[in-house]
Amino acid sequence: MPATPYALSVRDVHKAYRSRRVLRGVSLHLEPGTLAGVVGENGSGKSTLLRVLCGQIAADAGEVKRRGSLGYCPQEAVLNDALTVDQHLRWFRTAYRLDGTGRAEELLEELHFAEYRHTRVEELSGGTRQKLNLTLALLHDPHVLLLDEPYQGFDWETYLRFWEVAARLRDRGRCVLVVSHMAWDADRLDVLHRLRDGVATPWNAEGQPVDAPRGAVR
Ligand SMILES: Nc1ncnc2c1ncn2[C@@H]1O[C@H](COP(=O)(O)OP(=O)(O)OP(=O)(O)O)[C@@H](O)[C@H]1O
């Protein structure tokens with residue numbers, strides 16, 4: 001049987017919290033070298049979808065297939081307040097069994113927070129915590145990256161730099177899925193899905209369903 005061409009393949013995924021049916025048959029298929037987005041209103045189930053995709057919670061039904069290593073940047077940074085930025089980087093490097101500090105150094109420079117490397121997390125601003133959160137997801141250069149509102153708290157320069165980093169990853173064949181509740185990033189993405197009523201619909205760069213006539217307003 002030929003190998004699936006997809007880096008991430010999601011088929012008819014369902015997830016409910018008790019009687020609240022959040023995902024009601026989500027399907028999406030992303031090839032390597034894709035920068036994709038999922039948008040949706042607050043509470044539409046974006047984080048739930050990502051948590052299912054990364055395996056943090058189980059789907060009630062449906063299938064998720066992934067090729068290669070995974071990086072996940074959760075919406076809430078999971079950091080240890082008592083440790084410094086450098087200590088986090090060392091900790092994750094050991095967990096990922098990485099040699100050298102190359103990738104971490106690159107990301108510290110690219111996201112402009114090298115000056116905080118010896119600062120404990122409890123003393124960092126929200127935006128700098130988020131830079132560390134993102135860096136930890138990217139550290140092992142995973143094949144599939146799931147990023148849940150990865151730029152919240154970023155200043156404008158860092159926000160733009162984030163998209164440069166994401167585009168470079170895509171150009172190197174990585175599959176990057178970014179969750180946002182804003183559609184204005186649409187033209188930076190190769191593929192955009194809107195999550196509504198528990199299903200994901202592909203949207204075009206104008207923020208309309210792909211089967212809608214151009215210029216149509218919904
Ligand atoms: N652990 C949980 N237990 C029960 N209900 C939950 C749980 N997690 C999320 N929900 C509910 O599921 C729905 C979807 O939540 P989710 O966090 O996935 O949405 P979201 O689209 O990521 O929202 P936001 O844009 O506000 O981050 C919401 O109604 C939320 O209250």
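The legends below describe views of a predicted model.

**View 1. Overall fold of the predicted protein.** Five helices and nine strands make up the protein (DSSP runs, H or I of at least four residues for helices and E of at least two for strands, numbered from the N terminus). Their order along the sequence is β-β-β-α-β-β-α-α-α-β-α-β-β-β. The C-alpha atoms occupy a box of roughly 50 × 40 × 40 Å along the principal axes.

**View 2. The largest nonpolar core.** This core has 51 residues, and Leu49, Leu145, Leu147, Cys175, Val176 and Leu177 have the most contacts inside it. A nonpolar core joins buried Ala, Val, Leu, Ile, Met, Phe, Trp, Tyr and Cys residues through C-beta atoms within 7 Å; buried means 20 or more other C-beta atoms within 10 Å of the residue's own, with C-beta atoms placed from the backbone.

**View 3. Surroundings of Val176.** Beyond its neighbours within four places in sequence, Val176 is in contact (C-beta atoms within 7 Å) with Leu35, Ala36, Leu145, Leu147, Ala166, Leu169 and Arg170.

**View 4. The ligand shell.** Twelve residues surround the ligand, the closest being Tyr17, Asn42, Lys46, Ser47 and Thr48 (C-beta atom within 6 Å of the ligand). The largest share, three residues, comes from α1.

Residues are numbered from 1 along each chain as its sequence is written. Local features need pLDDT of at least 70 and side-chain atom pairs count only at pLDDT 80 or more, while totals for chains, interfaces and linings use all residues.

Technical notes. A residue is buried if 20 or more other C-beta atoms lie within 10 Å of its own, exposed if 12 or fewer, and partly exposed in between; C-beta atoms are placed from the backbone. Two residues are in contact if their C-beta atoms, placed from the backbone, lie within 7 Å.
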